[in-house]
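This report goes through one protein model, from confidence to the packing of single residues. Keep the sequence and the structure at hand while reading.

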Amino acid sequence: MRYQELLRLSFLAMAVGLVAGCTVGPKYVRPPVTAPPAFRGPDDAVIKSDDQKSFGDEQWAAVYREPELQELIRKALANNYDVRIAARRILEAQAQVRITRSQEFPTVTVGGTGIGASLPTSLGTQLPNPLVDGSLNVSAAWTPDFWGLYRKQTEAARAQLLAQVWAQRAVQLTLVQQVATAYLQIRALDSQLEITKETLKARQDSLALTRKLESGGSAPLSDVRQAEQLLYTATSEIPQLEEQIQQEENAIALLLGENPGPISHDDPTALAPPLQDLPTGLPSQLLERRPDIQQAEATLIAANAQIGVARAQFFPNLSISASGGVGGDSLSSIFATSGKTIYGLGTLTQPLFEGGKLRGQLQLSQETKEEMVLNYQKTIAGAFRDVSNALIALNKERAYREQQEKLVEAAKDATRLARIRYQGGSTGYLEVLTTDSNLYAAELNLVNAQQDEALALVQLYSALGGGWQA
């Protein structure tokens, strides 16, 4: 009688589950996001795009055309430790999906036992001699997923897998940005070192001339000391620049997954002014292109699925198990009909009181989802800010570089005129010292301006979600 009642309860639970199982847990709906119609540019200008084409859709090889930089990026994407770690995390997430999904299916096991013994006749036992016994059995167990518990867990696991995929792409994007940034920085240091060496040569010639004038009585000893001051200022800069270059090489080597060592960096066009009026596309496109936004949304999907997992805990749980086997005291009798054993068992459990644990789990999952919603919206807002900042930087750094170029030209002419007047005896060496120092500082600042403008292009490309595309 109990067995029949249990069957009726099981069928009732299955019927209710078929009706209500698909409704346990909320379906995911993307949170509303208000995207601006266009990106904000410099001086509150609105950057409008005539079509949906975006600079961020370009592959990195089409953006960074320097062969040296392209080779560095290829090596980094193939060997960088962070990229390889991210790839392993994807494999871990794939394995977790398989583990979680396996709960939806029955488990089947097979086993057997055997015993054989030869007993001494002196024991006088009634057991058959020799003693032989064996059995073979198959058992199965299944917990039907009426309420979507396992399906929601699988949904969450798959969303976490997707989040890991986008996390890897975010690592690739960041890595491309880091390699490009480091390469431009090292090329700027190369230019500053070249300027310093040229300045050093000019100051050596100036010191030789000053000593000649001093020995002939046409210039005081103080002029020689000022010329030496200029010379040693340049010579002291060289080892510092060389130190920064070698340390930057080591930083790039780490990004490449290599041991510290020299890196090729000789391309003369690395700091050339970038193109103007680059297409940005529509702000709404960032939601689909930026890996960090996609990762945040996948994490939100997983959190939404966990609500269904928590809700399913409130409903009855049915477990079904069955086993069948055969056995006998000889090989010929093991599979005999008289030796078979079959049984089945169904268990239905319903939580009644757990001290608020289930409600606490549900509340936790709901609050976690709300947190992920805010995180998703914050990530999108940060993406719009990044693009706007990069557009502003690209415009302002270009203007600064253009003015710095004019400053360098003026400083060169002022230095030339000061040297002519000094050689003609019309002025003291202090004017030469001042104009020469101003020229050297202006040339170094111009290199910094060229570097910052090139880096603004790198920032814009990354802000638009470019860099992870193969």
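## Confidence in the model

The term pLDDT stands for the predictor's confidence in each residue, on a scale from 0 to 100. It is needed here, since this is a predicted model. The average pLDDT over the chain is 87, and 87% of the residues reach at least 70.

Helix 4, residues 81-101, has the highest mean pLDDT of the elements, at 96, while helix 1, residues 2-20, has the lowest, at 46. Across residues 13-21 the pLDDT is below 50, and this stretch has 13 contacts in the model beyond near neighbours in sequence.

## The chain as a whole

The chain contains ten helices and six strands. Of its 470 residues, 40% are buried. The accessible surface of the chain is about 26000 Å², and carbon and sulfur atoms account for 55% of that area.

How much of the contact count comes from residues 24 or more positions apart? Of the contacts with a separation of 6 or more, such residues supply 83%.

## Nonpolar cores

The largest nonpolar core is made of 75 residues. Within this core, the residues with the most contacts are Phe-55, Tyr-64, Val-179, Leu-286, Val-387 and Leu-460. Several helices give two or more residues to the core, among them helix 5 (149-215), helix 6 (221-255), helix 9 (357-423) and helix 10 (429-463).

Apart from neighbours within four places in sequence, Phe-55 contacts Val-63, Leu-278, Pro-279, Leu-457, Leu-460, Tyr-461 and Leu-464.

Leu-207 is part of helix 5. Its relative accessible area is 4%, so Leu-207 counts as buried. The C-alpha atoms of Leu-207 and Val-224 are 6.6 Å apart in space, although the two residues are 17 apart in sequence.

Leu-394 sits in helix 9. Leu-394 is also buried, because its relative accessible area is 7%. Not counting residues up to four places away in sequence, Leu-394 touches Pro-274, Leu-278, Glu-453, Ala-456, Leu-457 and Leu-460. From Leu-394 to Val-458 there are 64 residues in sequence and 9.6 Å in space, C-alpha to C-alpha.

## Salt bridges

Side chains of opposite charge can pair when their charged atoms come close. Over the whole structure, 21 salt bridges are found.

Two of them lie within helix 5. Arg-187 pairs with Asp-190, with 2.9 Å between the closest N and O atoms. These two residues are three apart in the helix, so about one helical turn separates them. Both Arg-187 and Asp-190 are buried. Lys-201 forms a salt bridge with Asp-205, at 3.7 Å from N to O. This pair is four residues apart in helix 5, which again means a separation of about one helical turn. Lys-201 is exposed, with a relative accessible area of 52%, and Asp-205 is partly exposed at 45%.

A further salt bridge joins Arg-290 and Asp-386, at 3.2 Å from N to O. Which parts of the chain does this pair tie together? Arg-290 is in the loop between helix 7 and helix 8, and Asp-386 is in helix 9, so the pair connects parts that are 96 residues apart in sequence. Arg-290 is buried, with a relative accessible area of 6%, whereas Asp-386 is partly exposed at 24%. Salt bridges with shared partners link Arg-290, Asp-292, Arg-385 and Asp-386 into one network.

## A buried charge without a partner

Asp-223 belongs to helix 6. Is Asp-223 buried or exposed, and how far away is the nearest side chain of opposite charge? Asp-223 is buried but has no salt bridge. The nearest side chain of opposite charge is that of Arg-225, 11 Å away. A salt bridge needs the side-chain nitrogen within 4 Å of a carboxyl oxygen. Leaving out residues up to four places away in sequence, Asp-223 touches Thr-210, Tyr-422 and Tyr-429.

Key. Residues are numbered from 1 along each chain as its sequence is written. This is a predicted model: local features need pLDDT of at least 70, side-chain atom pairs count only at pLDDT 80 or more; totals for chains, interfaces and linings use all residues. Side-chain values use heavy atoms; hydrogens and water are left out. Contact means heavy atoms within 4.5 Å. A nonpolar core is a set of buried Ala, Val, Leu, Ile, Met, Phe, Trp, Tyr and Cys residues joined through side-chain atoms within 4.5 Å. Buried means under 20% relative accessible area, exposed over 50%, partly exposed in between (1.4 Å probe, protein chains only). Accessible areas come from the Shrake-Rupley method with a 1.4 Å probe; for residues, only the protein chains shown count as cover. Lys and Arg count as positive and Asp and Glu as negative; His and the chain ends are not counted.
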